[in-house]
Amino acid sequence: MANLLQVKFGVQEVFLRPNGSGGFTTVAAAGQGISRQVTGATLSLNWRRDIATTPAANATKRPASLELIARIKKPNSATDGYARFAIFPGKVTFVQGTAGVEPRFKGDFLLVNNQRVQTIGLSDANNVTRSDFFFLIAGDGTTVDLKNDPGPILLALPWLFEDTNPILQVNARLSVAEVVEADENSNTPLDVPLQHPAVPDEGVANDVARHPLLNYFGVRNIATLSNAARLPKIRFSGRTLRVFFHATFRAFCTEHSSASLVDIATAVTTILTDAGFAAVTVSRDTPADAECGRFFRPVNGRFMSRLIVDPDQSKRPEDRIENRFAAAIANNTPEAVLIPDTMVVRVPFFDFFIFAEQAEPPNPNELAHSEGAVSGGILPAAAEKLLVTPTIIATGLGSGTPLRALLARVETTDHLNVLASTIAHEIGHSFGLRHNLAFPAALPYRMGDPQGLQRGVMAPAGTRQVPGSKDRSPLLFFGPVHQAMIRKLFF
Ligand SMILES: [Zn+2]
């Protein structure tokens, strides 16, 4: 016997109707102008319609494996491109039911506890283990029982994305006694639309002037590449992305973290290489300070362009522009001081200078400040940027500062992940990447996933945790939407 069966997907979905001002209404049925969002699926098992006769009832429990796979949408005739994202081992039996013999799959996946929402993922595929495309899967309870637990299972879908074809196709493959009985080509795949139109930037509704409505992409956690159309393109080819750790940042790592500078530098390189930058160097020693000093200097403990010097040094100190700017930085309002063009530094676009300051971050979800660029401050022909401040890791004034608090909360072995992911996050902002938002299944869109499953470098810092654990912080990577934007701008 082979290919007798078919796995079917019952869809769980919501429909959103944008109201034009950054809010939405959720409606249960499809209709004109309504965006459909798939939040999960229910699996059932049937005989293939085209088989001549169904087998006789047979109570033998045959070992089986139900695999879930996904790919960027292709015609049903295409057989390639699938990535596997879940495997449920179990048993198949043929049971006499009222309307004939029914195939039944019963999983024997062992659960570590009896929570209703479980997460499983594969450790051998980066695009699954790193993913924050999540949805809920359940069996129909009769023909498919995934495990001895009535609750749905939260699955990470592979991080696969193409902005011109933003549909993920989810499919299944069932093997019984190592023979494929439900071939992915005979199942009907479930299309999961990845595009979320008219989502307010930063999840702030009803303030379109400051938080425009943008296209976001993803499943449950969503990201936008909206700035790709606005920003100038700079070819990275032939260049090197250089990161310099200033003495202030090195001292913070040594004093307040268990991470070695070598390991942080390696992790930063790993993240940026994964994003497509083939040449990355991280300077983490004294020579980095000289390079940092070519562009930036401290004023009252705040780092700024070294050209910011009041031409009239006879003024009272507090009236000099460098001191007013330092005070504004300390107050998280650097834009309050207008810096003249002549005081802005021109920095190679792919150079990043990482300083640490005893400052509180711009908001409790952030650990650092990205570079302070002037409006329109990218010079594509010269591959330079115009900056007033470098990247600042906000070390805070005490142990309650977000970065210090996060380091205290996670395993010390994960300190390097926190620090490397934070640096990559701020570099991402310099590339024009916006934060991820969460769309758990119902409105509203928001910053931060309430279940702590928002991953990816551009997620808000407070949500960087492994599912089911409050004390781990994995090394985070740029997700596929942000990688698509990096490709558009630089490759
Ligand atoms: Zn941020």
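Residues are numbered from 1 along each chain as its sequence is written. Because the model is predicted, local features require a pLDDT of at least 70 and side-chain atom pairs count only at pLDDT 80 or more, whereas totals for chains, interfaces and linings use all residues.

The predictor's confidence in each residue, expressed as pLDDT on a scale from 0 to 100, averages 89 over the protein, and 92% of the residues score at least 70. Over residues 111-116, however, pLDDT stays under 50, and the model has five contacts for this stretch beyond four places in sequence, a contact being a pair of residues whose C-beta atoms, placed from the backbone, lie within 7 Å. Where pLDDT is low, the predicted coordinates should not be read in detail.

The C-alpha trace spans about 100 × 50 × 40 Å along its principal axes, and the protein contains eight helices and 27 strands, which are DSSP runs (H or I over at least four residues for helices, E over at least two for strands) numbered from the N terminus. An automatic or database assignment supplies the domain bounds, by which the protein is divided into domain 1 (5-197) and domain 2 (232-431), with centres, taken over C-alpha atoms, separated by 44 Å. Among contacts between residues at least 6 apart in sequence, 69% join residues at least 24 apart.

Of the 491 residues, 42% are buried, that is, they have 20 or more other C-beta atoms within 10 Å of their own, whereas exposed residues have 12 or fewer and partly exposed residues fall in between, with C-beta atoms placed from the backbone. Beyond four places in sequence, the residues touched by I354 include F244, F249, I393 and I423.

In strand 5 (residues 83-97), A86 counts as buried because it has 21 C-beta neighbours inside 10 Å. Positive phi values occur in N3, at about 55 degrees, and in N300, near 50 degrees, neither being a glycine. N300 is in the loop between strand 19 (296-299) and strand 20 (302-305), and is partly exposed, with 13 other C-beta atoms within 10 Å.

Technical notes:
Contact = placed C-beta atoms within 7 Å.
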